Amino acid sequence: MIDQFINFVIRPPRADYNPEQYLWEKEFTLAGRQFKRQDLELTNARGHKLRCSHYMPSPFPEETPLPCVIYCHGNSGCRADANEAAVILLPSNITVFTLDFSGSGLSDGDYVSLGWHERDDLKIVVSYLRSERQISRIGLWGRSMGAVTSLLYGAEDPSIAGMVLDSAFSNLFDLMMELVDVYKIRLPKFTVKMAVQYMRRVIQKKAKFDIMDLNCLKVAPKTFIPALFGHASEDKFIQPHHSDLIFKSYAGDKNVIKFDGDHNSSRPQFYYDSVSIFFFNVLRPPQISSACSSKLEKYYDLGDLKVGAGMDESLLYEIITGIETESTNVPSSSSAAPRVLMTKPVSELVSEVAPLARLHPMLTRNIRPDSDEQSNLQDKPNGQSDECCSYTSSNRESWGRCSSLGGSDEESSADCTAANNGNQVTLDVLATPLKSSQQISSDPPKVEKQKQKKQKKQKKQKKRDSTTPKPKHDKLEKLEALSKRLRLCILKRVSHRRHRST
């Protein structure tokens with residue numbers, strides 16, 4: 001009986017799994033974006049090899065470090081338990097690092113220590129991430145034993161940005177005494193205490209730690225890292241009052257969430273939403289433009305130009321402000337030139353004109369590009385369907401594998417398809433080539449007929465000017481003239497990138 005209880009503490013059932021079956025794939029799609037799993041091995045202070053996985057975007061954004069959350073599993077868990085964390089955090093540009101602690105999963109070691117030695121394993125992981133220039137802030141997400149590990153380590157490293165502590169126990173000795181009642185072991189109290197003292201000596205000899213030292217209530221008053229506590233209301237293994245005790249003595253910013261379920265049940269969606277918001281606030285991930293928006297930006301790319309290098313900035317201000325004034329489509333009673341605010345830099349105003357031209361219906365004109373130009377304008381088809389994922393809970397009996405199932409992200413694919421269609425048919429003003437002023441017709445009779453028709457239209461238009469407002473095509477011509485003026489002023493001898501392709 002006592003030996004079984006000792007193994008229950010330091011040698012619970014060990015997760016034996018195939019990484020290719022129970023982890024995310026090496027390359028996978030989530031929320032319409034590409035991600036990858038990078039496997040690696042780290043060695044802890046005791047010489048044990050730790051099997052680790054790092055989930056990150058593919059490719060990793062250049063010169064943009066991303067925050068990372070380290071997921072810490074429970075006493076019978078493994079890194080497959082972090083599949084849920086990857087689903088929640090990766091779309092927010094937060095990478096996820098997970099590992100098999102020493103004595104768990106596929107890592108070396110024979111025993112677990114319910115957070116004592118796992119704290120040192122976590123220190124190795126944090127040191128590795130700190131050495132990576134791609135990682136900015138670091139957060140911790142622990143469940144059961146992993147929550148205790150995170151709390152013990154957080155007391156030593158105040159640079160951690162935030163912690164999510166799910167079902168942590170306050171004191172291992174008190175927990176063991178409670179489990180005697182939960183499993184209805186009918187022994188007198190003094191006998192139980194003598195048995196616990198015997199177990200303490202055996203555990204010290206085998207696993208090299210003292211169960212009396214595992215007391216989160218000693219470190220909570222000295223920890224100031226923002227923390228989000230979570231606990232299932234029907235948890236019989238680690239009862240909810242453990243989190244209540246830690247929460248009450250915790251010194252840092254804190255919040256607690258209670259939800260239905262037991263120790264190993266899947267967590268509700270509102271809890272995951274709260275975790276996502278918490279990490280977003282404490283880690284502050286950068287906003288990286290999606291692939292769809294990057295396609296649209298191609299049409300407003302001014303090449304290798306550095307605005308302000310040997311240019312007449314006052315002229316640029318005048319042109320840009322003219323475009324913005326026309327785009328508002330608001331009648332003005334003043335014929336004076338628009339007033340230009342010189343508080344913004346030219347580069348910022350240029351960047352503002354591009355989305356303005358993209359969104360306003362008056363700033364676009366339909367052009368039939370030639371075959372070469374059309375082939376260069378077309379992006380790759382959006383034929384492949386985005387994969388969606390389904391995931392299960394981190395139940396100790398069955399680790400949930402997040403497999404990419406066939407499906408599509410309708411919203412992102414629809415946006416990208418609309419962008420592709422717009423790219424093939426419509427060229428925005430800033431990206432309009434100057435071909436319209438350079439085209440030479442090879443058919444003189446047709447040109448004469450067109451001129452005559454144009455003159456007739458102009459005569460009719462003069463009659464209507466006194467009663468009707470200016471038609472839309474006049475504004476388009478004016479906008480096109482402004483855009484040509486801008487491009488002539490800025491680009492001069494620089495060719496647009498779209499014209500460089502063959």
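User: Okay, how many disulfides are there?
Analyst: The count comes to zero disulfides. Keep in mind that this is a predicted model.

User: Remind me, what's a disulfide?
Analyst: A disulfide is a covalent bond between the sulfur atoms of two cysteines.

User: And Cys52, is that one buried or exposed?
Analyst: Cys52 counts as buried, because its relative accessibility is 0% and the cut-off for buried is under 20%. Cys68 also has 0% relative accessibility, so Cys68 counts as buried.

User: Let's zoom out. How many helices and strands are there in the chain?
Analyst: The chain has 17 helices and 15 strands.

User: How much of the chain is buried?
Analyst: Of the 502 residues in the chain, 45% are buried. The chain exposes about 26,600 Å², and carbon and sulfur atoms supply 52% of that area.

User: Switching to helix H1. Which of its residues are buried?
Analyst: Helix H1 covers residues 2-10, and its buried residues are Phe5, Ile6, Val9 and Ile10. Looking down the axis of H1, they fall within an arc of 120 degrees, so they line one face of the helix.

User: What's on the other side of H1?
Analyst: Asp3 and Gln4 are there, and they are exposed.

User: And what do the buried residues of H1 pack against?
Analyst: They pack against two helices: H6 (172-182) and H7 (189-207).

User: New topic: aromatics. How many aromatic pairs are there?
Analyst: The count comes to 14 aromatic pairs. In one of them, Phe259 and Tyr271 have ring centres 4.8 Å apart and planes at 50 degrees, so the pair is tilted.

User: Where in the chain do Phe259 and Tyr271 sit?
Analyst: Phe259 is in strand S9 (residues 254-259) and Tyr271 is in helix H10 (residues 269-283), twelve residues apart. Phe259 is buried, with a relative accessible area of 2%. Tyr271 counts as buried too, at 0% relative accessibility.

User: Which residues do ring pairs link into a cluster?
Analyst: The cluster is made of Tyr71, Trp141, Phe259, Tyr271, Tyr272, Phe278 and Phe279.

User: What about charges sitting over rings? Where is the charged end of Arg119?
Analyst: The charged end of Arg119 sits over the ring of Trp116, at 4.3 Å from its centre. Lys254 lies over the face of Phe247, and there the distance to the ring centre is 4.9 Å.

User: What is phi for Ser144?
Analyst: Phi of Ser144 is near 60 degrees, which is positive even though the residue is not a glycine. Ser144 lies in the loop between strand S6 (135-143) and helix H5 (145-154). At 5% relative accessibility, Ser144 counts as buried.

User: And Ser167?
Analyst: Ser167 has a positive phi of about 65 degrees, and it is not a glycine. Its place is the loop between strand S7 (162-166) and H6. Ser167 is buried, with a relative accessible area of 0%.

User: Let's look at Arg267. Where is it, and is it buried or exposed?
Analyst: You'll find Arg267 in the loop between S9 and H10. Arg267 is buried, with a relative accessible area of 5%.

User: What does Arg267 touch?
Analyst: Leaving out residues up to four places away in sequence, Arg267 touches Arg143, Asp166, Ser167, Ala232, Phe259, Asp262 and Tyr272. Arg267 and Asp166 are 101 residues apart in sequence, while their C-alpha atoms are 10.0 Å apart in space.

User: Last one: where is Asn75, and what does it touch?
Analyst: Asn75 is in the loop between strand S4 (66-72) and helix H3 (83-89). Not counting residues up to four places away in sequence, Asn75 touches Phe8, Pro12, Ser104, Val112, Leu114 and Met145. Asn75 has 14% relative accessibility, so it counts as buried.

How values were computed
Residues are numbered from 1 along each chain as its sequence is written. This is a predicted model: local features need pLDDT of at least 70, side-chain atom pairs count only at pLDDT 80 or more; totals for chains, interfaces and linings use all residues. Side-chain values use heavy atoms; hydrogens and water are left out. Helices (H or I, at least four residues) and strands (E, at least two) are DSSP runs, numbered from the N terminus. Buried means under 20% relative accessible area, exposed over 50%, partly exposed in between (1.4 Å probe, protein chains only). Accessible areas come from the Shrake-Rupley method with a 1.4 Å probe; for residues, only the protein chains shown count as cover. Rings of Phe, Tyr and Trp (its six-membered ring) pair if their centres lie within 6.5 Å; planes under 30 degrees apart count as stacked, over 60 as edge-to-face and the rest as tilted. A charge sits over a ring if NZ of Lys or CZ of Arg is within 6 Å of the ring centre and within 35 degrees of the ring normal. A disulfide is a pair of cysteine sulfur atoms within 2.5 Å. Contact means heavy atoms within 4.5 Å. The arc is that of the directions from the helix axis to the C-beta atoms.
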